[in-house]
Amino acid sequence: AGPGFLYCDILLLDFKAEHDARTQFQTAAETRQDTLRSVGHDLGSPLGLIRISSSLMNRHLDKLGLLDTYVKRQVARIEACVMEAHLYLKNAIDFAQSDQIGYRFPVKDIHPGRWLASLIENQALIYGVCASRVRLEVPEPCCLKQIQEQAFQMVATNLVSNAFKYGSQGGGSICVRLSFGQDAECRDSILFEVIDEGSGIPDEISNQLYTPFRRGQNTANVRGTGLGLSIVRRGVQCMNGHIELVKVPGGTHFRISITLVSEKVEAEVPA
């Protein structure tokens, strides 16, 4: 064979090597996702059972008149730890599941006021912070049409969680705000913002803000995996949105912009 054939063979070999590498990478990613889903399923049952059992024990002791302040506090700690463990597990699964270019979660309609209020209440229970310290601003009644709920939940849960963990120290308040606008294509856009009065984000990690497992020195005394903001970015990417860290004199202000179909409704939000 002449040089031309040899060159062609090299190109074919390079293409095959690249194809094999991509296939191996995809297989490894799918294996990680399947493993995490399996672990999540297996751990979800005992975690759920612990929470149910603690609730039943709480009611039983209350009927017997044995539910004093100490027992209440311990039962609340058990339930909070279970919810926190479930959150960490869900974060890991979401992070792996969204690790694909162009990945989209299923879409559905949600009523953001009640949806966000429930999310805030759950996070307040996990971190032992009074939910009344959170100001929720949502133009109700309204409905977000065809939004990737799981991606939006990844964003909202982790930003609110971070605000509770790092922003509520010292008694500071938290603001969770959702507002609407119109873009040039006449499709509704939303701004989702979470603002706290905490210590803020140190300058030394501002350029590595969304790097997995990267945590600042001011978080040493707070439990966490360092995945939160990485998961927020993944969720924003899935929704083709934009994330911005707004500079403020004190605390932290994240702003998420998303373009989607939104429809304001006049009727009461269903119970």
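What percentage of the 271 residues in the protein chain is buried? In this predicted model, buried residues make up 38% of the chain. The chain holds five helices and eight strands. From the N terminus on, these elements run α-α-β-α-β-β-α-β-β-α-β-β-β. Contacts between residues at least 6 apart in sequence were also examined by separation. Of these, 73% join residues at least 24 apart.

Helix α4 covers residues 149-167. At 1.5 Å a residue, its 19 residues should span 27 Å. The end C-alpha atoms of α4 lie 25 Å apart, which agrees with that expectation. The helix is mostly covered, with 15 of its 19 residues buried. Two packing partners of α4 are described here, helix α3 and helix α5.

Two packed helices are described by the angle between their axes and the distance between the axes. For α3 (residues 112-127) and α4, the angle is about 40° and the axes are 10 Å apart. The crossing of α3 with α4 is right-handed. On the α3 side, the contact is made by Trp115, Leu116, Leu119, Ile120, Gln123, Ala124 and Tyr127. On the α4 side, the contributors are Glu149, Phe152, Gln153, Ala156, Thr157, Val160, Ser161, Phe164 and Lys165. By class, this contact comprises ten nonpolar, four polar and two charged residues. Glu149 and Lys165 of α4 are the charged pair, given that Asp, Glu, Lys and Arg count as charged. An α-helix has 3.6 residues a turn, so residues three or four places apart point the same way. Such spacing can be followed in α4 through Phe152, Ala156, Val160 and Phe164, which are among the residues that meet α3.

The packing of α4 with α5 has another geometry. Here the angle is about 150°, and the axes are 8 Å apart. Angles over 145 degrees count as roughly antiparallel. The helices α4 and α5 are therefore roughly antiparallel to each other. Their crossing is left-handed. From α4, the residues involved are Ala151, Met154, Val155, Asn158, Leu159 and Asn162. They meet Gly228, Leu229, Ile231, Val232, Arg234, Gly235, Val236 and Cys238 in α5. The contact divides into nine nonpolar residues, four polar and one charged. Arg234 of α5 belongs to the charged class.

Helix α5 spans residues 228-238. Nine of its eleven residues are buried, so the helix is largely enclosed by the rest of the structure. The buried set consists of Gly228, Leu229, Ser230, Ile231, Val232, Arg234, Gly235, Val236 and Cys238.

Backbone geometry was considered next. Most residues other than glycine have a negative phi, and most peptide bonds are trans. Asn240 has a positive phi of about 55° although it is not a glycine. This residue follows α5 and lies in the loop between α5 and β6. At 64% relative accessibility, Asn240 counts as exposed. Gln146 likewise is not a glycine and has a positive phi of about 55°. Gln146, however, lies in strand β3 (residues 142-147). With a relative accessible area of 48%, Gln146 is partly exposed.

Two further residues were placed by C-alpha distance. Pro249 sits in the loop between β6 (242-246) and β7 (252-259). Its relative accessible area is 92%, and Pro249 is therefore exposed. Pro249 and Gly200 are separated by 49 residues in sequence, while their C-alpha atoms are 9.0 Å apart. Met57 belongs to helix α1 (residues 3-63). Met57 is partly exposed, at 38% relative accessibility. Met57 and Val75 are 18 residues apart in sequence, with 8.4 Å from C-alpha to C-alpha.

Key: Residues numbered from 1 in each chain as written. Predicted model: local features only at pLDDT ≥ 70, side-chain atom pairs only at ≥ 80, totals over all residues. Heavy atoms only, no water. Axes fitted to C-alpha atoms, helices over the stretch in contact; angles between N-to-C directions. Helix = DSSP H or I, 4+ residues; strand = E, 2+ residues; numbered from the N terminus. Left-handed = near helix turned anticlockwise from the far one by under 90°. Contact = heavy atoms within 4.5 Å. Expected span 1.5 Å × (residues − 1). Buried < 20%, exposed > 50% of the residue type's maximum accessible area, 1.4 Å probe, protein only. Parallel < 35°, antiparallel > 145°, perpendicular 65-115°, else oblique.
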